[in-house]
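Hi,

Here is the structure I promised to pass on to you. Have a look at it first, and then read my notes below.

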Amino acid sequence: MAALGMWNGALLVERVGSGKTWIALGVAAAHPASNAVAIVPAILQDQWRSAARGAGIPLQVWSHERTSRGQLPAGNPRLVLVDEAHRFREPSTRRLAAIAPWLLGRRTLLITATPIVNRLGDLVTLLRLALPEDALALDGVSRLGDLAECGTPSVALRRVVIRSDGMVAGSTDRQLIRLTPAPREAQRGVDRVTEIGQLALSSRGAVRRLIASVLLDAAASSDEAFQRALKRYRGLLLQSQDAGGASRAMLRRFAGDALEQVVLWPMLSPDASGCDLPGDDIAVVDEILRTTGADHHWIDPLLARCADDRVTVCFTRHRATARLLRQAFGDDAAWLTGTEAGIGPHRLSRDTVLAAFGARRDGWTARRQAPRVLVATDVAAEGLDLFAAGRVVHVDLPWTATRIEQREGRLLRIGQRHDCVEVVVRAPPAAIESALAPQARLHRKEMLAAVWLTALERTDDPPPPLSISLVGDDSPGADLVAVQLQSGTRQGALLIAREGESEWTTAPAAIEGLLRRAAAAAPLQGGSALIDDTLSRAIRAAIATLRDASMPPIVCIERIHRLARNAASRRDAQLLQRLDRMLRFVSASPTLGARMTMSRLTDASEREFLAIPIPDVGTPVPVCATPIAAILFRHAVSSLR
């Protein structure tokens, strides 16, 4: 609440299964007149409505999918809750382009346990969605974009990224079990890698790597998934022949959301002539499809592992593998894909199937006996409560550590009925692991997210009182001062340092060097006049370091000035007032939505320019600075002079 009050936006990144929905509903309860709306994945809409009814909180629930189609919530909600916000991490997606300008002027709480999926840029995009670019300038982070270049997390992020320390109360133990490939499965991996090596794929390295990754990823899952991927590649080749080349859009559709990160898309031409695909591969694909069988040897160890009475959820990324696995488990197995759900050969509603694995399992009456196994694609990996299950199986590995955490979080959450949850990982064949390296990739992304999220855990240490130390060493004088900054409701703190009479700096290396020297120095007495002069200089230097985060678009500024001159000559006070608001808007530090709105303003006709809705950003607030701590270095022995 404090973060929302200060910055009008915040990120809630508590762990999977820790009750983020209820925290968000608590925020909504504290805004009774806000006409709050929750924007959530479609599969979670009923869950959010049920939770809101149970808490007695009026809440409009909207889906990500409708947002992707450009449909936005009705009315004028002042509080927006965005669940599974990591889905909005890609600036090029339609859902982000639709929601970012709409969020202008609205208090926004983004909710996700996994804000860093592939790179630090994911976190930066989410921050820009809810916050202006200079949100952390008072803490020395002049632009949010600078965070993507940081080697270590800035402590200032704790102001707007909310994550408690420690584990979730009542959390369950996790037992990891790895299923290593049997000899026949290992040989299957060698055969698939050899077959993929027979394909030319493309003369362009990035495109070749993308297509090979799609085929290898499918082969790691099952032969059925591999054959389906080959057929899709064959269709891509035929489409490329008809179009005179494969466009970027065609390749994106082929790769899917999980794998398109393999290519740096800006380096590829968006038109059809940008990517050549070899037509000779069609005959090779046909031969592979004709000769490749379906080796199901990998299923037996998995069935043996799940043969007990423990309720189990099996996750796979590929529908073909899910279909194969549910047939292997028999007619009593439940299944769930993106479009369908059921038990055995019978289709049922998604809610009915999921209820058999959640809090209502004991009272489940859709069939004589509740199913013991659920085979699901990753559509069930976000937000759902499946804590009646005591085992989760990764039938194939996803492309991100985030998805691993999301899958396991369906079971490892508040309300879990088992003392220990089994986590079963089916390792890919060695040949595919060597070619695709899924486990190494997962580990790299997992470590990046873990380092940053651990650093963001909050502490409740009170701020220190004003503390000034005078220490002596044998070097020329140096100063290290901590300054608290306040601008309206926003606050921050800077460490600022200088050596002798050099310029003040916020460079971490200089500050760390002075801290090490202070630890080894002896305290001195006196120097009150010196202290007053040093602190006043430090305050002026700290305020001077706050530079503007971005330049306003010159085209907009010039157009506003021209329209203002015309309005003044006509004495049109109403138009002058609107132009004044527009000038403040384009001059203020922008959010991601503000950038998009400014782009519209730049390209708009004069009539459209005046019709585009602009939020009132208010007038700039001056910055106040207060010293809170200082270490001043001077010679231990006074000069003879």
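Before we get to the sheet, two terms: strands pair if DSSP finds at least two bridges between them. Helices (H or I, at least four residues) and strands (E, at least two) are DSSP runs, numbered from the N terminus. Please also keep in mind that this is a predicted model, in which local features need pLDDT of at least 70 and side-chain atom pairs count only at pLDDT 80 or more, while totals for chains, interfaces and linings use all residues. Residues are numbered from 1 along each chain as its sequence is written, and side-chain values use heavy atoms, with hydrogens and water left out.

**The sheet**

Eight strands form an open sheet with mixed pairing, in the order β7-β14-β13-β8-β12-β9-β10-β11. At its edges are β7 (173-179) and β11 (346-347), each of which pairs on one side only. Further in, β8 (residues 312-315) and β12 (residues 373-376) run parallel and are joined by four bridges. Valine 313, for example, has leucine 374 in β12 as its bridge partner.

Axes here are lines fitted to C-alpha atoms, for helices over the stretch in contact, and angles run from 0 to 180 degrees between N-to-C directions. Helix α15 (residues 401-409) lies across β7, β8, β13 (391-394) and β14 (420-426), at about 150° to β13.

**The cores**

A nonpolar core is a set of buried Ala, Val, Leu, Ile, Met, Phe, Trp, Tyr and Cys residues joined through side-chain atoms within 4.5 Å. Buried means under 20% relative accessible area, exposed over 50%, and partly exposed in between (1.4 Å probe, protein chains only).

The largest core has 52 residues, and those touching the most other members are Trp48, Leu59, Leu81, Leu109, Leu374 and Leu386. Helix α2 (residues 20-29) gives the largest share of this core, four residues. Leaving aside neighbours within four places in sequence, leucine 81 is in contact with residues including Ala24, Ala28, Trp48 and Ile111. A second, separate core of 39 residues includes Val13 and Leu120.

**Two asparagines**

Asparagine 8 is not a glycine, yet has a positive phi of about 70°. Asparagine 8 sits in the loop between α1 (2-7) and β1 (9-12) and is partly exposed, at 31% relative accessibility.

Enjoy exploring!

Note on methods. Contact means heavy atoms within 4.5 Å.
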